[in-house]
Amino acid sequence: MRVTKQLSYAEEQAGGRPKTPMDAARRAFYLMDRNKDGFVSPRELRIGLYSFGMFAPTGFSDKVFKKVDRDGDGLIDAKEFEKTLQSSVGPNQSAEEAATNTIKRSILGVQM
């Protein structure tokens, strides 16, 4: 039930089911926003990455967090997240696949 509520929240905040890679990335952001405050904390990022199948040790996820938290306020907002991902969106993929690959490339620095 909790997963369904989180998914409903994410789709509502992201404007519905994803049609583009950036829609899917936006939904991924809100899936990580577990307390539904519109921000992703370092802990939420670590849990979110793990839930997407990306294990990131604390030290590494802290570096990733600092890269995305452009204003340095200790929280990632949707605009910071999207801005980090925008340059890495690839063509010819499903929205979900593109979002996952985009997160891996631009945030985690994975070579693909």
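Trainee: What share of the contacts in the protein chain with a separation of 6 or more comes from residues 24 or more positions apart?

Mentor: This is a predicted model. A contact here requires heavy atoms within 4.5 Å. Among contacts in the protein chain with a separation of 6 or more, those between residues 24 or more positions apart make up 48%.

Trainee: In what order do the elements of the protein chain run from the N terminus?

Mentor: The protein chain holds six helices and two strands. Read from the N terminus, the order of these elements is α-α-β-α-α-β-α-α.

Trainee: How far from Asp-69 is the nearest side chain of opposite charge?

Mentor: Asp-69 sits in the loop between helix 4 and strand 2 (76–77). Asp-69 is buried and yet has no salt bridge; such a bridge would need a side-chain nitrogen of Lys or Arg within 4 Å of a carboxyl oxygen. The nearest side chain of opposite charge is that of Arg-70, at a distance of 8.7 Å.

Trainee: Which backbone nitrogen lies 3.3 Å from a polar atom of the side chain of Asp-69?

Mentor: Leaving aside residues up to four places away in sequence, Asp-69 touches Gly-74, Leu-75, Ile-76 and Glu-80. A polar atom of the Asp-69 side chain also lies 3.3 Å from a backbone nitrogen, that of Asp-73.

Trainee: Which residues are linked in a network of salt bridges?

Mentor: A search of the whole structure finds five salt bridges. One of them joins the side chains of Glu-11 and Arg-27, at 3.0 Å from N to O. Glu-11 lies in helix 1 (residues 2–14) and Arg-27 in helix 2 (residues 21–32), so this pair ties together parts 16 residues apart in sequence. The network consists of Glu-11, Arg-17 and Arg-27.

Trainee: By about how much of the helix are Asp-23 and Arg-26 separated?

Mentor: The side chains of Asp-23 and Arg-26 meet in a salt bridge of 3.0 Å, N to O. Asp-23 has a relative accessible area of 19% and is buried. Because Asp-23 and Arg-26 are three residues apart in helix 2, their separation is about one helical turn.

Trainee: What is the relative accessibility of Asp-62?

Mentor: Asp-62 and Arg-46 form a salt bridge through their side chains, at 3.7 Å from N to O. The pair links distant parts of the chain, with Arg-46 in helix 3 (residues 42–51) and Asp-62 in helix 4, 16 residues apart. Arg-46 is partly exposed, with a relative accessible area of 25%. Asp-62 also counts as partly exposed, at a relative accessibility of 32%.

Terms used:
Residues numbered from 1 in each chain as written. Predicted model: local features only at pLDDT ≥ 70, side-chain atom pairs only at ≥ 80, totals over all residues. Heavy atoms only, no water. Helix = DSSP H or I, 4+ residues; strand = E, 2+ residues; numbered from the N terminus. Buried < 20%, exposed > 50% of the residue type's maximum accessible area, 1.4 Å probe, protein only. Lys, Arg positive; Asp, Glu negative; His and termini not counted. Polar contact = N/O pair within 3.5 Å; in protein donor to acceptor, adjacent residues only side chain to side chain.
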